[in-house]
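Biologist: Please take a close look at one part of this model, chain by chain where needed, and tell me how it is built and what surrounds it. A single connected account will do.

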Amino acid sequence: MQMNEYKPLIVAFCCNWCSYAGADLAGNNRLSYPADVKIIRVPCSCRVNPMFILRAFQKGADGVIICGCHPGDCHYTSGNYYTRRRMALLFSMLEFLGIERERTRVEWVSAAEGAKFAETMNDFAETVAALGENKRLEDLRCKK
Amino acid sequence: MQNKKELQKEQILRMSGVNPRKCMRCGKCSGTCPSYDEMEYHPHQFVYMVETGDLEPLMNSDSLYKCLSCFACVDRCPRNVEPAKLIEALRLTVIREKGKNHLKSDDIPALLDDEMPQQAIVSAMRKYSK
Amino acid sequence: MQRIGVFVCHCGTNIAGTVDVKAVAEALKFEPGVVVSTDYQYMCSQAGQEMIKEAIIENKLTGIVVCSCSPRMHEATFRKTAAAAGLNPYMVEIANIREQCSWVHKDIPTGTEKAIILGKAAIAKVNLNAPLTPGESPVTKRALVIGGGIAGIQTALDIADAGFPVDIVETKPTIGGKMAQLDKTFPTLDCAACILTPKMVDVATNDKIRIFSYSEVSEVNGFVGNFDVTIKRRARYVKEDICTGCGLCTEKCPQKKVPNEFNLNMDNRRAIYIPFAQAVPKVATIDPESCTMLKTGKCGVCSKVCTVGAIDYNAKDEFITEKYGAIVVATGFNPISMDKFDEYAYSQSKDVITSLELERLMNAAGPTGGTLLRPSDGEHPHTIVFVQCVGSRCDSCAEKGKEYCSKICCMYTAKHAMLIRDKYPDTDVYVFYIDVRTPGKNFDEFYRRAVEEYGVHYIKGMVGKVSPEGGKLKVRASDLIDGKQLNIDADLVVLAAAIEPDKSARPLATMLTASMDTNDFFTEAHPKLRPVESPTAGVYLSGTCQGPKDIPETVSQAGAAASMVIALLCKDKLTGNPCVAHSDEMMCNGCSTCEKVCPYGAITYIDKEFRMPDRTTKVRRVAQVNEAVCQGCGACTVACMSGAMDLKGFTNKQIFAEVDAICK
Amino acid sequence: MKVNYFPGCTLRTKAKDLDFYARECAKILGIELVELPDWQCCGGVFVTSSDEIASKLSCARALVASRDDNRALVSVCSACHNVIKQTNHAIKNDAKFADAVNRYLAQDEEHSDPYFGETEVLHYLELLRDKVGFDKIREAVKNPLTGKKIAAYYGCLLLRPGKVMAFDDVENPQIMEDFIRALGAEPVIYPARNECCGGYIALEDAASAKKKSDTVSHSAANHGADMIVTACPLCKYNLTKNESPLPVVYFTELLALALGVKENDDAE
Amino acid sequence: MQEITRDVLVNKASELMSAGTVDRVLGWMRGEFDYDITPAVFSTEEELKNNFVWNDFCGANFSKYLIRETQKSENKVLVFLKPCDTYSFNQLLTEHRFDREKVYAVGIPCNGMVDMTEIKKANEAIKAIEESGDSIVVKTLYDGDVTLDRADVLLERCKNCKSKKHVAYDELIGDDGEIIESARFDEVAKLEKMTADERYAFWQNELSRCIRCNACRDICPACTCEKCVFDNPNSGVENKAPADSFEEKMFHIIRAFHVAGRCTDCGECSRVCPQGIPLHLLNRKFISDINEFYGEYQAGSEVGNRAPIVNYTTEDLEPGEAVGRGGIDA
């Protein structure tokens, strides 16, 4: 991979019970992923409001990923099912507005899947890096 | 060769709409088949052999023409596998090949009797010939 | 403005190896609200904690950020530290700079940079933290057990044993459930009645336990620790406290042709009846559907023969309301209907029976007095065919049967086959199976004994059709191993019907706001770690209402459910998780959207009067969160469009602040 | 009540009785059977393979015509009914298949709007049960068949595939028994009533067909029936050809007898 | 022209008022021009007689007005509902937004409403407008009378009318119609067929014209929050006027998301947008996605329906599968 200056900024919302623990496990096993990934802990993926995602983009994030328990394993039984519907609709809408679909992702990562967490983040960071800077949701803001 | 076999299997699955992986090998299809004794390979074997890609012996077997399309296996299968549809797709794959008609129209007069309904003849032609 | 202290942990070299901790502490010093920022070798150590406490007191801190390992590791530790220094424990935030930073990144500049950002995010959040106090609610020290089978009985006995009063609600006239109908139990072959009826007597004589038989739950309100339950006591037309259970009425009743459901309608009972000799409570019940007196007003024989005057033809359904701290669901199962499987001729021949019917035919108290006789002609059957998995393991597209394995059939069939071969050695017994599943202590040994010692013919294959012809049942089946189609002339065919949850479970789940799966089994709070709790706080699961189970498993689950209940009832007050949803009534539309996504039924609506700026009042419907029930998932906060619903500890503003800090 | 009628080839030749009495009885029961002007042979069997299009077009045309007439499509022959019903089901549920069929039909000189399975497909027995009602038939019976013990023979085609045909419970059907009761006779329930007669295998392997037919006719006889009633010419042929111990008649003949349309000639 | 005349409605309203069934009427009133029709509350028969209007410009959907109006008095208010209005009416009832007992709803048939912007596009200095059958006669200062085909100048939502059937009413005037197979998703489909760049350019062009006047929000019968999240200083996204173009996008995306599953596609947002932004396309995108992903759903078709966005099945499609499925190719 060629070295370039551009580093994507990625916000990862992780549910406390599965994915945040998965991220911890990736750490325990020293499985590396780019430092550009910053995790925000939420009790459940269903706590993630579309407004948080848009705000992240507004403030300069290049990619936003939401991680939750696998469907059927939600600590709160049904939270991730709502996440699944909300994000399916939101992502489809963003695409409708011409925003690159690769900038948003939902991934189910269990507390046991440290390796999957690291792989997912590597893959996502690479995908977002290939897209380059997020201009579509950010560009016009006061042209600063 | 391997490739052709894979292709053929895929085509059979597409034609029949059957997913042989749903089979749990209970054998109820064979337990219910009225033509079991006339067959060399039995309904559950059809499903298994298609899944493993072992198509040659099936396509060369007379068992293809022993199925009555009575659909008892389809309705009684607890896994909704529909073996009869799979057998039909195999049979079609064979008879669609040139010169592979199982029943030739020339043979028919000899098989008829006065009472034989038209329905039997057209049905047999559909099942055995292209 | 908050006064925030930042404490950066080295964790030996775990963090300090890849993160320049001093630089982090230095950088965070200038964040808004930060008054002190420092680093230390091991923050979680006694000395580290002391350092934090001193800093809190000395600097009058209102919030702290600890940059250390995962909050899953030490959040609780640092909350306690804060509390010890007089700071609200929820004013603590952790920046995870070990698992999610130092351990996954290679070089110091990268690690340091990220650690600073994570620290800033935590500071931004703690700036918006508010002290939280967990809510408290009292606990009613009484439990309700719904269902009086072995699951309900065991749960009730265990709870009562700990000294708490328990009520059992049972729809049938007696407790005992399915186990009371069984003959022997696997894998020990001891008689079901011999082990069950003493327990039933224990229930009857335990002064902590009340039995509401012939009753059902009609309404549930309230929440964990404080349920209000209305129980409908159906009129049994016999005064329960007066009836001695002498049974004279059940002998004299002229209405003799009522199908006896206890014997699965294979014989008859009277219109006034006691289901079986060891019934608890042992009192008679009049079946209003069949009683001539209740239908036409003419008869009254039972009333005449009753020496204690227990008969009351004017009885009405009664409703009682009681408070409970915990509710245990033990509603059990039933075999599915065989209507959709008539290839086995269940509706065409009396000699095609289900396994539960076979239990009654082999039971000494059953319709044949324990001698195995064909229902059609009362002859001894000489060839018996067992069909496994009837309606179990069906594909959903097949539109009949259930997708799951009913779990108990393999073992009870082995039991039946063994008992028959033992008692009637001249009988040929065939078992058609798809798989024989015997995971359980002494289970496979048991099944092997049926094959090896008792000579039961186990055949891998399924029965395709059963045809009643000439007094025999012609069984057409496949033998997959021999590659043959078999035709067996059987005298009796026994179907291992799939089991399904009792029909009362679905409406009950709605009343309890307890979730169910697509098969109507109750869902557990966590499939592995909280298997006997419903996700709805205060509701526990016992027995087959949660999934197919055999007796030993049911009894262990019943005990586990009881211990959960006892742990709850032992408390005088319940302390909740303070990170719960909260509705801002001024903003709430009362639209009911949040209620729909709440998995716990924690949201209710009230009409509330608001004073308007112009001094008029206005009544609006607004949402209220029951903090004792809310588990804090936050589903409602996103469903709420006005933003009235927010989650304490993870408020919209806090998360926005974290996003902003990270993206800056 | 007007319905479209698809008689089928066999009813024009070997099974004229099945057709004739169906028409005569319909008149009495106030049903107008409008024969489709251009019907073509249904093909005898439904080819289940989804890539087989052309052989299903004759049924599709009959279905389109009935949709355009806004009438249900009725047949008497089990085979015709089965093929038409399965074709309709495939058009309704398989968008790819429907598309292919509609492309073919669009090439017909006179073609109609695309078809998506709107037509109601009924077997004559369903017409009697659901549209006329067995109670009305009971009232119309002039010569009740009292004392006769009749074995209804469903065979395969009326019932299976159960999800498509939706004719009755596949394993425990009642419609013919109810029909027999309406005519004043006593139905005989026997296990082989939904088993196969051997069907078209009569051409390929007569011995095999005989085995199947024997199972059916002997089962009916063993259960004490006087006669077997069927809706399928091929069933009737196989059972009769293989020396059924019982007479085999079409259900329309039985209906005609009870309604007084047909003289009781006691020929069989 | 509408098939029911003004007089029929005035008579009906007067009758109900004098019978004491209602004491107020929600109806339409002339504004500054013939075609500038404004909603009004009539409380006397006199007012009704003088000011009530019913013509091709009575697009306003009154459902939302019922929230405030029913709070004002214990007496019933009469509301006239066109078929599309009844869906909003039901949706608001589903959300418990007003007391059904305080409303007397009269369903009235609708022939579609005329879009004044379309007429203005072609004509200048309009003096008056006359309706006659299928045409509209525009009287202008310079060009004299211009006759337009009514069908050409209907509001977009009326050209693609989804239902002539009333799903709620106490009383119906005229005959009820049917639900219509409309082409209302065609425009969405057309956008979906474009490349991402084209779509981006399209929306950039449209949304950049937004002046955040909030008319779309204020008219929307689904936007009935006591306080909008964008007006609430505690929400973290308070935003009275956009500081940058992102915030416009955020506003419209979030607004569409908040009404997803609740929007009945009444089209009021686009009708009132002074900048002519096709805002209804955002709502329709959500509706068509919901239909495609979770099965057909029409908000407001029945009271008490549970919207797909507050529901789920265990077999739902994954968000990764969702993109590209809503008609958009990879």
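Modeller: I begin with a strand in this predicted model. From strand 1 of chain C, I4(C), V6(C) and V8(C) point one way, while G5(C), F7(C) and C9(C) point the other way, and all of them are buried. In a regular strand the side chains alternate between the two faces of the sheet. Strand 1 of chain C covers residues 4-9, and with six of its six residues buried it is mostly covered.

Two neighbouring strands pair with strand 1 of chain C. One is strand 2 of chain C (residues 34-40), which is joined to strand 1 of chain C in the parallel sense over six bridges. Within that pairing, V6(C) has S37(C) of strand 2 as its bridge partner. The other is strand 3 of chain C (residues 63-68), which runs parallel to strand 1 of chain C and is joined to it by five bridges. Here F7(C) has V66(C) of strand 3 as its bridge partner.

Further along chain C is helix 8, residues 192-205. Its 14 residues, at 1.5 Å a residue, should span 20 Å, and the end C-alpha atoms are 20 Å apart, so the two values agree. The buried residues of helix 8 of chain C are A192(C), A193(C), L196(C), M200(C) and V203(C). These cover an arc of only 90° around the axis, and therefore sit on the same side of helix 8 of chain C. The other side of helix 8 of chain C carries the exposed residues C194(C), P198(C), V201(C) and T205(C). Among the elements that cover the buried residues of helix 8 of chain C are helix 7 (150-161), strand 8 (184-185), strand 9 (190-191) and strand 10 (209-212) of chain C.

Next come the contacts of chain C with other chains. With chain A, 37 residues of chain C are in contact with 34 residues of chain A. On the chain C side, helix 5 (98-102), helix 6 (108-128), helix 18 (635-639) and helix 19 (652-663) each supply at least two residues. Helix 19 of chain C gives the most to this side, with eight residues. By class, the side of chain C that touches chain A holds 18 nonpolar, eleven polar and eight charged residues. With chain D, ten residues of chain C are in contact with nine residues of chain D. The side of chain C that touches chain D divides into two nonpolar, four polar and four charged residues.

Chain D itself is assigned two domains, domain 1 (2-124) and domain 2 (140-259). Taken over C-alpha atoms, the centres of domain 1 and domain 2 of chain D are separated by 23 Å. The contact involves 21 residues of domain 1 of chain D and 17 residues of domain 2 of chain D. Helix 2 (16-28) and helix 4 (78-93) of chain D each supply at least two residues of the side of domain 1 that touches domain 2. That side of domain 1 of chain D has ten nonpolar, seven polar and four charged residues.

Terms used: Residues are numbered from 1 along each chain as its sequence is written. Chains are lettered from A and ligands numbered from 1 in the order in which they are written. This is a predicted model: local features need pLDDT of at least 70, side-chain atom pairs count only at pLDDT 80 or more; totals for chains, interfaces and linings use all residues. A residue is buried if 20 or more other C-beta atoms lie within 10 Å of its own, exposed if 12 or fewer, and partly exposed in between; C-beta atoms are placed from the backbone. Helices (H or I, at least four residues) and strands (E, at least two) are DSSP runs, numbered from the N terminus. Two strands pair if DSSP finds at least two bridges between them. Domain bounds come from an automatic or database domain assignment. Two residues are in contact if their C-beta atoms, placed from the backbone, lie within 7 Å. Ala, Val, Leu, Ile, Met, Phe, Trp, Tyr, Cys and Pro count as nonpolar, Asp, Glu, Lys and Arg as charged, and the others, Gly among them, as polar. The expected span of a helix is 1.5 Å times one less than its number of residues. The arc is that of the directions from the helix axis to the C-beta atoms.
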